[in-house]
There are 2 protein chains.
Amino acid sequence: MVTLADVARHAGVSSSTVSYVLSGKRSISTPTRQRIEKAITDLGYHPNAGARALAGKRSHIIALVVPLHTEVYVPTMMEIAISVTVTARQYGYDVLLITNDEGPEGVRRVAASGLADGVILMDVRLDDDRLPALRAQGTPAALIGIPDDPSGLACVDHDFAAAGALCVDHLADLGHRDLAFVGYPPRVYQRHAGYAERTLNGFRRRAEQRGLRVLHRPCEGTYESTAGTLARILADRPGTTGFVVQNEGAVGPLLSLLRTTGRTVPEDASVVAICPDQLAEQYAPRLTAVTGPRKELGQVAVEQVLARIDAAAAGGAAPDDALLLLAPDLVVRESTAPAPRRVTTTEEPST
Amino acid sequence: MVTLADVARHAGVSSSTVSYVLSGKRSISTPTRQRIEKAITDLGYHPNAGARALAGKRSHIIALVVPLHTEVYVPTMMEIAISVTVTARQYGYDVLLITNDEGPEGVRRVAASGLADGVILMDVRLDDDRLPALRAQGTPAALIGIPDDPSGLACVDHDFAAAGALCVDHLADLGHRDLAFVGYPPRVYQRHAGYAERTLNGFRRRAEQRGLRVLHRPCEGTYESTAGTLARILADRPGTTGFVVQNEGAVGPLLSLLRTTGRTVPEDASVVAICPDQLAEQYAPRLTAVTGPRKELGQVAVEQVLARIDAAAAGGAAPDDALLLLAPDLVVRESTAPAPRRVTTTEEPST
DNA sequence: TTGTAGGCGTTATCAT
DNA sequence: ATGATAACGCCTACAA
């Protein structure tokens with residue numbers, strides 16, 4: 001193995017000089033720098049990570065904690081993980097993969113051992129049991145998702161309220177007056193899952209502002225439950241022409257059912273999904289959808305941890321907590337169109 | 001930070017004794033061990049990873065190199081990555097995530113710096129440019145996939161030949177006599193992608209053994225190309241009743257097209273897919289499918305690297321290369337049934 | 001069964 | 001602008 005000392009000898013300088021050309025923390029005369037750089041490539045020197053971590057008190061590693069048995073859409077998770085890794089590399093950091101089966105002990109372990117300088121948590125739940133460990137140890141961290149109590153922590157997430165509002169705006173602009181929101185199963189709302197509630201609030205608020213009538217219906221996401229949900233919606237508000245779906249399981253059934261019940265999408269009914277683009281493309285018709293920027297999520301998370309790592313190393317001044325909500329985008333595809341002219345807005349006064 | 005020395009002091013022993021109870025490389029009297037263990041938990045001691053790596057010449061980290069822009073089915077990749085991570089932990093190792101955009105330099109970097117003790121490569125191509133780097137440095141490694149020249153390397157993969165044979169057996173057992181294999185696009189075979197060729201060979205060989213007639217048709221996987229492929233198959237061999245599909249894109253179209261052309265699955269035609277179970281479940285009818293064990297892939301890969309890491313640490317005796325093919329499973333679902341009685345095996349001698 | 005001490009390769013603080 | 005040199009925390013012969 002080639003060491004710093006080898007390089008120094010080869011270049012005829014002291015090892016500290018070599019160290020300084022590597023770290024750039026000292027100005028070096030051009031000639032010696034060049035000699036050293038040549039020696040480095042000649043010998044094929046690679047700094048030893050362990051020694052660097054030990055002496056420098058930084059491992060240049062951040063831990064990424066990923067959910068194990070995930071209800072999340074896996075490709076999205078993967079995309080974030082990759083974006084985290086690539087971004088980290090740009091800052092000279094590597095990423096350690098931690099699976100959530102280690103629980104709170106996992107973050108404790110990597111932080112306490114100095115294996116990782118900081119931690120990024122994916123799939124953060126409202127009452128996340130890993131947060132106490134983080135707070136107790138003062139571990140630099142960034143959360144992807146927002147817990148009950150985000151105080152003192154950096155949180156990054158999609159702006160779900162904006163997503164809900166975006167759906168309303170699009171449908172309102174197309175002239176729809178009665179909207180239905182097909183959501184997650186009731187239990188998701190009962191446990192006050194952050195993203196679900198925030199989406200719904202954004203949706204309702206904007207609908208009110210724009211004077212639309214809305215219906216919210218939780219849905220299990222099976223074919224049968226979706227059928228029931230749709231039937232109730234149409235019974236309660238026969239004039240409903242705009243559908244917003246935030247429930248991956250319900251999308252397919254909903255499209256079939258609309259067709260089955262004689263409603264053509266998008267001529268008779270418009271559907272906006274809140275889901276990854278990749279998924280939206282899979283249906284026929286392809287869905288107009290609202291999506292959050294996944295790569296950026298990873299990038300911002302990395303930048304947040306790194307900022308906190310630097311702060312901890314510098315002063316130890318507790319950095320402000322941050323709550324970063326990333327604006328979603330709406331992509332128009334084939335499932336939305338202007339609202340049909342109203343033929344029967346209310347029941348016909350027959351006879 | 002609590003150090004080994006702190007623990008030693010607290011327990012009234014020397015630091016080497018503490019070190020030895022941790023590593024278990026020396027027998028310690030029960031009383032002192034207990035005193036030390038108590039001190040460890042009392043003080044909340046966690047061994048410093050950097051120091052351990054430096055002194056012990058092992059980082060206890062393995063690098064997992066994942067494809068960046070993947071054509072692979074992402075959930076499968078994720079499942080393997082998770083299984084690698086979990087398995088590694090069981091052996092006291094952590095996993096570093098390396099994205100393939102670093103190219104060969106990535107594996108060089110982590111190995112040369114001692115950041116990782118070994119490497120697992122996913123998505124190995126036939127002529128993989130990362131292999132020279134591995135061989136040159138003698139880095140302990142395991143490949144998931146099989147390259148052109150696997151000599152000196154540990155390779156783990158699905159037994160695709162067995163998968164192909166399994167499909168034949170299942171359809172033959174059901175009485176099908178004429179099979180068609182709907183494969184990947186021509187370019188995949190032209191570049192001699194290992195998995196594609198091996199599947200096809202296994203398929204053909206077994207079909208020959210069992211006296212079945214087979215057709216192989218590459219397919220782009222779009223709706224149009226699948227239509228063309230099916231048309232040609234039925235023109236060439238109207239009596240074809242068994243379909244084997246190894247092309248994720250073609251499955252959906254094929255099912256639609258069979259239906260469209262008046263063939264009910266499975267009554268008139270049977271379809272076996274070679275794909276992840278998760279995918280097979282998504283279609284209607286749910287597909288009989290052949291799948292390889294993904295978790296085991298990750299486990300075996302980890303065990304292979306670890307074995308090589310130990311070997312390298314011990315003697316440096318170049319360990320035998322290994323070629324481990326994991327047996328696939330066939331799960332019967334709704335897309336296969338006994339072959340229909342043959343009504344028109346050949347063209348009618350009309351007039 | 002336990003202790004002593006040198007060394008692992010870098011960083012960073014003093015000097016010069 | 002460059003050199004010595006003491007940490008950093010742990011491992012492991014070598015002693016006792």
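Student: Which residues have the most contacts inside the largest nonpolar core?
Tutor: That core has 56 residues. A nonpolar core is a set of buried Ala, Val, Leu, Ile, Met, Phe, Trp, Tyr and Cys residues joined through side-chain atoms within 4.5 Å, where buried means under 20% relative accessible area, exposed over 50%, and partly exposed in between (1.4 Å probe, protein chains only). The ones with the most contacts inside this core are A:Ile62, A:Leu64, A:Ile120, B:Ile62, B:Leu64 and B:Ile120.

Student: Before we go on, what kind of model is this?
Tutor: Residues are numbered from 1 along each chain as its sequence is written, while chains are lettered from A and ligands numbered from 1 in the order in which they are written. Side-chain values use heavy atoms, leaving out hydrogens and water; local features need pLDDT of at least 70, side-chain atom pairs count only at pLDDT 80 or more, and totals for chains, interfaces and linings use all residues, this being a predicted model.

Student: Back to the inside: how many residues are in the other core, which lies apart?
Tutor: Its members include A:Val107, B:Val107, B:Ile146 and B:Cys155. This core lies apart from the largest one, and its residue count is 41.

Student: How many residues of strand S1 of chain B are buried?
Tutor: Strand S1(B) covers residues 61-66; helices (H or I, at least four residues) and strands (E, at least two) are DSSP runs numbered from the N terminus. On one side B:Ile61, B:Ala63 and B:Val65 are buried, and on the other B:Ile62, B:Leu64 and B:Val66 are too. The count is six of six.

Student: In S2(B), what is the bridge partner of B:Ile62?
Tutor: Two strands pair if DSSP finds at least two bridges between them. S1(B) and strand S2 (residues 94-99) of chain B have six and run parallel. For B:Ile62, the partner is B:Val95.

Student: And in S3(B), which residue is the bridge partner of B:Ala63?
Tutor: Strand S3 (residues 118-121) of chain B is parallel to S1(B), with four bridges between them. Across from B:Ala63 sits B:Val119.

Student: Which strands of chain A stand at the edges of the open sheet of six strands?
Tutor: The order in this open sheet is S7-S6-S8-S9-S10-S12 (chain A), with mixed pairing. Two strands have a single partner each, so one side of each lacks a neighbour in the sheet: S7 (213-217) and S12 (329-331).

Student: By what angle are neighbouring strands of this sheet turned, on average?
Tutor: Axes are lines fitted to C-alpha atoms, for helices over the stretch in contact, and angles run from 0 to 180 degrees between N-to-C directions. With direction ignored, the average here is 20°.

Student: Which strands does helix H11 of chain A touch?
Tutor: Helix H11 (residues 223-236) packs on the sheet, and its direction makes about 155° with that of S7(A). Contact means heavy atoms within 4.5 Å. The strands touched are S6 (178-182), S7 and S8 (242-245) of chain A.

Student: Is A:Gln246 buried or exposed?
Tutor: A:Gln246 sits in the loop between S8 and helix H12 (248-260) of chain A. Its contacts include A:Phe160, A:Phe181, A:Tyr184 and A:Ile274. With a relative accessible area of 1%, A:Gln246 is buried.

Student: And is A:Lys57 buried or exposed?
Tutor: A:Lys57 lies in the loop between helix H4 (49-56) and strand S1 (61-66) of chain A. Although it is not a glycine, A:Lys57 has a positive phi of about 60°. Its relative accessibility is 71%, so A:Lys57 counts as exposed.

Student: What is omega for the peptide bond from A:Val265 to A:Pro266?
Tutor: A:Pro266 is in the loop between H12 and S9 of chain A. The bond is cis, with omega near 10°.

Student: What axis relates the two copies?
Tutor: Copies are superposed by least squares on the C-alpha atoms of residues with pLDDT of at least 70 in both. Chain B goes onto chain A by a rotation of 180° with 0.0 Å of shift along its axis (RMSD 0.1 Å). The copies are therefore related as by a two-fold rotation axis.

Technical notes. Lists of a residue's contacts leave out its neighbours within four places in sequence.
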